[in-house]
Amino acid sequence: MLEQHLLSALIFLPLIGAVIVMLVPGRAGVAASASAHADTSTGSNRSAWLVTFIVAALELVLGAQAWLRFRPGVAGFQLREMAAWLPTFGISYDVGVDGLGLLLILLTVLLTFLCVVYSGTLRHRSKEYMVFLLVLETAMVGVFAALDLVLFYVFWEVVLIPMYFLIGIWGHERRIYAAVKFFLFTFVGSVLMLVGIVFVIVQTGSSSLVALTTSGTEAATRLAGLPAQQLLLLYWAFALAFMIKVPMFPFHTWLPDAHVEAPTAGSVLLAGVLLKMGVYGFLRFCLPMFSNQMHETAPIFLALAVIAVVYGAIVAAVQPDMKKLVAYTSVSHMGIVMLGVFSFHPTGMTGAILQSINHGISTGMLFFLVGMLYDRRHTREIAAFGGIRRVLPVLSAVFLVAAFSSAALPLTNGFVGEFLVLQGIYLSAFSGPLYAAGGALGMVLSAVYMLWLFQRAFCGPVVHEANRALPDLSIREKVVLVPLVALVFWFGCYVTPWVRALGGGLGASGILKVQVASRQDKLPTPEPQEGVR
Amino acid sequence: MEAVRQVVHDIGAVLPIVILWVTAIVILLLAPLTRRGVGWHVPGLLSTAGILAALAALIRRNEGGFGTGLFAGALYSDTLSTAGAFVLLLAGLLAVLVAQGYLRSRGIEKPEYYALLVLSLSGAYLMLLASDLLVLFLALELMSFGFYVLAGFERTSSRSEEAALKYFLTGAFASALFLYGLMLAFGVAGSSSFEYIQAAVGRGALKTPMGLAAAALLLAGLGFKVAAVPFHQWTPDVYEGSPTSSTAFFAATAKIGAFVALIRVLDMLAGGSQVWLPAVRLMAIVTMLFGNVIALSQLNVKRMLGYSAIAHAGYLLAAMVCVGMRYVSAEGARSGMPAMNATVFYLLAYALATIGAFGVLACMSARGRDVQTLDHLRGLVRTDPAAAYAMMLFMLSLAGIPATAGFIAKWQVFYAVVIAGDIPLAVTIALASAVGAYYYLRVVWYMVFDESTIAPVPTEPGRTPAAVAIYISAFATVLLGVVPGFLMGFLSVVR
């Protein structure tokens, strides 16, 4: 039973968990007695957390199971499941993974699990929180597993709802503004994508990604036979939604607000998973379906990506607010990822995917750490800290690892991804050395803002008296951070198994089939891990 | 003998309407007995039972295949009317449930309310079956007169009276327009039967000034009922002023009756659609944009839902454009049936969400406190999380977010419009719904995010039926959003 429905179990187990959490008795996150004080009526709910924890842990086990059953290097989608869903319109429940999807699903279940562990101390409306976290997990895993355009759209949109609540209920001062902005930005992009999806279905008679992207099928032939003008508009309908989600300059303005105002778990999942949905969309849908259009418009995207890299880094450097700084680094790092995607070079694309995962790990870590500092001091101002390395040695050490990873120091995961991306950009005929220089500038700047941040907040003498008595990491916090630290070095030193998984994955999503007119093809596609050994 | 058998058959075909009428009469006959406090809940229960019986009769008689004329061609029963009637009776049932606790809390629980509601419902039902303009007019009036009284049912409230008067005057005006159009159509075609008028249109009647005027007046009359711009002015005031349970009722049922009738009328006029299609298309675009943009600034939820009703009329008019294109082009011919299916499904999704939303407002109302504004809903999640999250579902459904019925409905409209090849219209719908998302979300954030004040939960008894209505609507909204397939077959116009 589980063997055939592993992916469905991965997708829907959290949803079942959410229903169970809803039914958990005891103090509902929102209490029935309206007269009681806020602190007593809306408390934590241990049993709700425990159920969520068990579900999230089971998700990890299922994810590992999927990883073990996954055969790298085999073309096509694996763990595939199909069932009729809306037969009137030929829409089916169709899920499957390749290396790309599987890696992102693993990242999702890992980060969600860590968020659940971290959120065990939540005191405010915790039952609702756990429900939304679990619904979010269902939707995120669904996005990376769906192989039907409409099914994908459903999950893509459902992601918005729990995140809207996570930001809006548990966020900081301007949470409502941030939540609505986040929702509306994404929603505007996606309704246009919906029109595009409907158009594709009407014109080709199929909503199956596999049918649409396997050359020779009727659907693919019809799609390719559409007038160039229509294909270009269709491409933009999809690309706009993904650009907003990534986010690419100039659609990035929702990101700092949402990241800063969101609670820690919300920021981690936003940066760690939700941004990747945009990258995933480009690779999974735009590239195989609208390859020519994507190539034609590449200069626009490359230029925007370089702007994002440099602009995001410069803006990040001058932020007085630690969380906002980390948020802007996401703009910069996602710019590098998009450079890799639009290099259309196998190395660059592999790097882009790895960098997506890496960014999830390193930025997730940074958001966790900023959240932990906030828990202690109730401020995120960099100026409120200073010298806390002496008070919090362990936390500071972990922060340094995260900073190095974010700044792409060799031996950390960030280096592997960014190096491959830069190599790909340099080699590709679409981008070339100029863009590689832009990307490299981003790497330099990332060292600037990260190290400067570390210096101001952690080094030197203890400036504020309030900082002298801060407790160092608790067991719970260590449990959250240790897996991430391990992954930073694992990816940094030995990335082969993950890249091997991607090999098959790239084949399935057609990335390697893209005609790459590489300028210097003397260099064969290098074994990606060579550079870091 | 043959004639008698025919009449018996015809009455059997409209059995649900007969049941509704009997229910209304029984309620009125029993009214004096229930007046004095004893058995105050009997009329509510009777009307609920009556509508349920009508629903059962409908499902029992649910005939597939092509339609049949009834009563010498005055009525016409086909899959469209059956599907529409199912949605209509469901909406009526939910509205009756919502009314029961609310009327009591407002101190206006009177048997006549239920009798009028059921009669109105039968009028809307007749609109689905009409195949003659004269019958359509009578059905329209039967439906509307009930609405007028229901709007003014809270006699002590000046706003309710104002709503009733506004509704009545504009409604009477619309009826007059419709009647005038009917007369002109009769003059052109020599008959008020759809069949004859269709034939006349086929002969080019719409090219004559009189035919054109007839078509324009008929569309204007129905445009009033569905609240399409520029015939929408009554909507916000009436929605706001009427008792919440009445608003819930006519918000859903008027749309169902009028849009199915609109399909029939447009079908009748399809032969000359090049004349009126651009007008309807423009009307759709203006209606959806206007409704959504004005709703942005509304702080009264009932008023906001009034503007939202206008916006949804716009989306449905977009489906009407596809219906109208059936005879125009090859794409149009393919888009007609999906558009009709979309309309019926949309009406169902809209009815569930709207009645559910008004139901939450009604359920939260108490003696001396009529819940209307966003401020009234502030912090609702802390006092009644179930109601708050049900309201969230209705708002998401109205906004067309996936995993709710509203998404599947909107998807079908997109599908029909794209098949018809009208991409600009599809993009307009998309952008209009993005605008709409803002004010639907605002309701959610007032209820769920804001914890500064707490909405008190009324403690008076008798709100169980309304809660049942809310739960049914919420459950159905999710069910139809996740696995819509099981009802799509039943609701589809072509089988």
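Trainee: In the hairpin of S1(A) and S2(A), which residue takes a positive phi?

Mentor: In this predicted model, strand S1 (residues 78-86) of chain A and strand S2 (residues 91-97) of chain A run antiparallel and are joined by six bridges. A:Ala84 stands opposite A:Ser92 in S2(A). The hairpin has four residues between the strands, and the residue with a positive phi, near 70°, is A:Gly90.

Trainee: Is A:Trp498 buried or exposed, and why?

Mentor: A:Trp498 is found in helix H22 (residues 496-508) of chain A. A residue needs 20 or more other C-beta atoms within 10 Å of its own to be called buried. Because A:Trp498 has 23 C-beta neighbours inside 10 Å, A:Trp498 counts as buried.

Trainee: Leaving aside its neighbours within four places in sequence, with which residues is A:Trp498 in contact?

Mentor: A:Leu103 lies 395 residues from A:Trp498 along the chain, yet the C-alpha atoms of the two are separated by 7.8 Å. Contact is judged on C-beta atoms, which must lie within 7 Å. With neighbours within four places in sequence set aside, the contacts of A:Trp498 are A:Leu103 and A:Leu354.

Trainee: How many of the 32 residues of H17(A) are buried?

Mentor: Helix H17 (residues 346-377) of chain A reaches 46 Å from its first C-alpha to its last, close to the 46 Å expected at 1.5 Å a residue. After the helix comes A:His378, whose phi is positive, near 55°. H17(A) itself is mostly covered, and the number of its residues that are buried is 28.

Trainee: Which helix supplies the largest share of the side of chain A that touches chain B?

Mentor: Between the two chains, 31 residues of chain A are in contact with 29 residues of chain B. Helix H6 (149-158), helix H7 (160-170) and helix H8 (175-204) of chain A each supply at least two residues of that side of chain A. The residues of this side divide into 27 nonpolar, two polar and two charged, and the largest share, 14 residues, comes from H8(A).

Trainee: What is the radius of gyration of chain B, and how compact is the chain for its length?

Mentor: Chain B has 21 helices and two strands, and buried residues make up 64% of its 495 residues. Of the contacts in chain B with a separation of 6 or more, 80% are between residues 24 or more positions apart. The globule rule gives 23 Å for 495 residues, and chain B comes close to that value, so it is as compact as a globular protein of that length, with a radius of gyration of 21 Å.

Note on methods
Residues numbered from 1 in each chain as written. Chains lettered and ligands numbered in written order. Predicted model: local features only at pLDDT ≥ 70, side-chain atom pairs only at ≥ 80, totals over all residues. Nonpolar A, V, L, I, M, F, W, Y, C, P; charged D, E, K, R; others polar. Pairing = 2+ DSSP bridges. Buried ≥ 20, exposed ≤ 12 C-beta atoms within 10 Å, placed from the backbone. Expected span 1.5 Å × (residues − 1). Rg over C-alpha atoms; globule rule 2.2 N^0.38 Å.
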